Amino acid sequence: MRVSNLFMPTLREVPSEAEISSHQLMLRAALMKKLASGVYNFLPLGLRVLRKIEEIVREEMNREGAQEILCSALLPSELWKESGRWEVFGPEMFKLYDRNGREFCLGPTHEEIFTDIVRNEIKSYKDMPLNLYQIQTKYRDERRPRFGVIRSREFIMKDAYSFDATWEGLDESFDKMYRAYNRIFKRCGLDFKSVEADTGAMGGTGSLEFMVKSDIGEAEIVFCDTCDYAANIEAAPTFDIDVHKNEEFKDIEKVETPDSRTIEELIKFFNTTPDKFAKTLIYKADDKVVAVMVRGDRDVNEAKVINYLKCINLEMADAEIVKKATGAEVGFAGPIGIEVDELLIDYEVKNIVNMIVGANDTGYHLINVNYGRDFTGTVGDFRNVTENDKCPRCGGKITINKGIEVGHIFKLGTKYSEIMKATFIDEKGEEKPIIMGCYGIGINRTMAAVIEQNHDEKGIIWPMSIAPFKVIVVPVVMKDELQVKTAEEIYEKLNSMGIDVLIDDRDERAGVKFNDADLIGIPIRITVGKKIKDGIVEFKLRNSPDTLEMKVEDVYNKVKEVIEEANRY
Ligand code: 9G3
């Protein structure tokens, strides 16, 4: 491809709304343009990268025996009503009507659709295992789209669904996907890790997330420094440790704390430490009001609360609900006298002696409060681990990092097959619900994650496997016939070798050409400059500072060698 013909509107300046490198570079390197909040159009270079990632995904899915299909994104409400999820997903689902008033949604995922496709075809245990997948555009009306394609409202997902007759069969299907995902993310040049994850609303018996370490990641990942335990913080458990309470229980006192609402203000006011406080957070859990107590310096783990309550939506209660439950304004909630459907108490709170809590009276707190004597409730694991906690597997030291979730694989079980009557006849002639798994990869998000891990101040540094072009040939002086002729020769020859090659034949200053080549991140640059009169050209890798001078005829083997080296995975 000739750069002079390539639609590649690169940007010098960083677009203001782009906060993270991948978002900035995807706009600056002309990979995509914003159409609306969380909605992007992909330009030639960006689409080539998307297609290369999709091709790697396709090869590895097919290698593990999965079969590709393509479903509509326009989904009839009936199937979602059958699974009971039409009502569950409120504003996050794009809902629309056809001209006859029939209800549809733009597909945010396809569990119901794949289950419907197979339920009339799978009759017997002999028809399984089966794994069907698609690479298709999804729609989710995210509350706050951000970070470009990392959290967008329209995105390409590879979603796969497996169908088995036995739980052992599901384990095998799950392991096949586990293998495929490791090969896919390795081939995309990512430094990633599979971590234990929360299945959340999906239910099922277990799930793994594929995380890419990145400081801009929205997820928090717990790593053990000793063993290879790793988990999304949502799924990292804490345990009840029996502490011997040798401190006397003192009498409760009500203390006026007029302008101390936050833990920080209260620590100063009472001149004590955060572990002497228990904060009481009030939530709306579907149609219930629940209160969750954790130590003053801890965070509530909402995934654990959702799993315990088996609720779909969990959100902080507004001031009005807080007023109704506590009789006080936000900031003074406590366990004594609170009126909620359920009071969840984290293990640590149960062990605090003479704790400080809100008095359920605006401007007041209670001191010397003790679980058991003064309040009770449901005790359990409701908080996030911290780096002071031990590894739940080996007791080692843990570290918490940020990460980008690029893939998620689930052991779904019979959640959808039971409610949608997708059954089969087993060996004993009995009718059983099909045992399912589902597996997703965010294609756009994978692309952004690669850029987050592979860029420098000059631009993107594409791994060879998904680079939009592998080589760019740059004639320095377009008026120099020998430079242009040689550059064209190298370009034609590399093309004839089946290598994706660009030639920057624009009549631009060399500096502009070099900056654009670095910005768009082409792995190999061949520069044809004044030394061509001695038959010498420059060979440079985007991911190395070194420039090699070589004879023109040596370029082709060098390029082949570098590409083959990069392809060894
Ligand atoms: C919805 C809406 C948003 C959603 C879902 C449904 C996330 C929903 C979870 C999944 C699970 C797996 C198959 C591929 C891998 C992930 N957001 N999820 O189910 F209606 Cl609006 O999508 N699905």
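The buried residues of helix α6 are covered by elements that include the strands β13 (253-256), β14 (278-285), β18 (355-358) and β19 (364-369), where helices (H or I, at least four residues) and strands (E, at least two) are DSSP runs numbered from the N terminus and contact means heavy atoms within 4.5 Å. The model is a predicted one, in which local features need pLDDT of at least 70 and side-chain atom pairs count only at pLDDT 80 or more, whereas totals for chains, interfaces and linings use all residues. Residues are numbered from 1 along each chain as its sequence is written, and side-chain values use heavy atoms, with hydrogens and water left out.

Helix α6 comprises residues 263-270, of which I263, L266 and F270 are buried; a residue is termed buried under 20% relative accessible area, exposed over 50%, and partly exposed in between, with a 1.4 Å probe and protein chains only. With a relative accessible area of 67%, N271 is exposed. A positive phi, near 65 degrees, is also found for N368, again a residue other than glycine; N368, however, belongs to strand β19 and is buried, its relative accessible area being 8%.

For the protein chain as a whole, the secondary structure comes to 14 helices and 31 strands, and the C-alpha trace spans about 95 × 65 × 55 Å along its principal axes. Of the 569 residues of the chain, 53% count as buried. Among contacts between residues at least 6 apart in sequence, 69% join residues at least 24 apart.

G38, in the loop between β1 (32-36) and β2 (39-42), counts as buried at 5% relative accessibility. Neighbours within four places in sequence being left aside, G38 is in contact with P145, S152, R153 and E154, while its C-alpha atom is separated by 32 Å from that of I321, a residue 283 places away along the chain. E64 occupies the loop between α2 (44-63) and β3 (67-68) and is likewise buried, with a relative accessible area of 14%; residues up to four places away in sequence not being counted, E64 touches K176, M177, R179 and A180. I117, in helix α4 (residues 111-119), is partly exposed, with a relative accessible area of 33%, and touches I69 and C71 when residues up to four places away in sequence are not counted. The C-alpha atoms of I117 and L35, which are 82 residues apart along the chain, are separated by 34 Å. In the loop between α4 and β7 (130-139) lies P129, and the peptide bond from M128 to P129 is cis, with omega near 5 degrees.

Helix α14 (residues 555-567) has 13 residues that, at 1.5 Å a residue, should span 18 Å, and its end C-alpha atoms are 18 Å apart, which agrees; the expected span is taken as 1.5 Å times one less than the number of residues. The buried residues of α14 are V555, Y556, V559, V562 and I563. Seen down the axis of α14, these residues fall within an arc of 135 degrees, so they line one face of the helix. They pack against β27 (471-475), α12 (481-496), β29 (524-528), β30 (536-541) and β31 (547-551).

Grid points are joined across faces, edges and corners, and a volume is the space filled by probe spheres set on the points. The count comes to one cavity of 30 Å³ or more, and about 40 Å³ of space lies in the largest cavity. Its lining consists of A517, D518, I522, R525, K540, L541 and R542, with α13 (510-520) and β30 each supplying at least two residues. These lining residues divide into three nonpolar, no polar and four charged, where Ala, Val, Leu, Ile, Met, Phe, Trp, Tyr, Cys and Pro count as nonpolar, Asp, Glu, Lys and Arg as charged, and the others, Gly among them, as polar.

Terms used:
The arc is that of the directions from the helix axis to the C-beta atoms. On a 1 Å grid over the protein atoms alone, a cavity is a set of points where a 1.4 Å probe fits but cannot get out, and a pocket is an open set with protein on both sides within 12 Å along at least five of seven lines; lining residues have an atom within 4 Å of a point.
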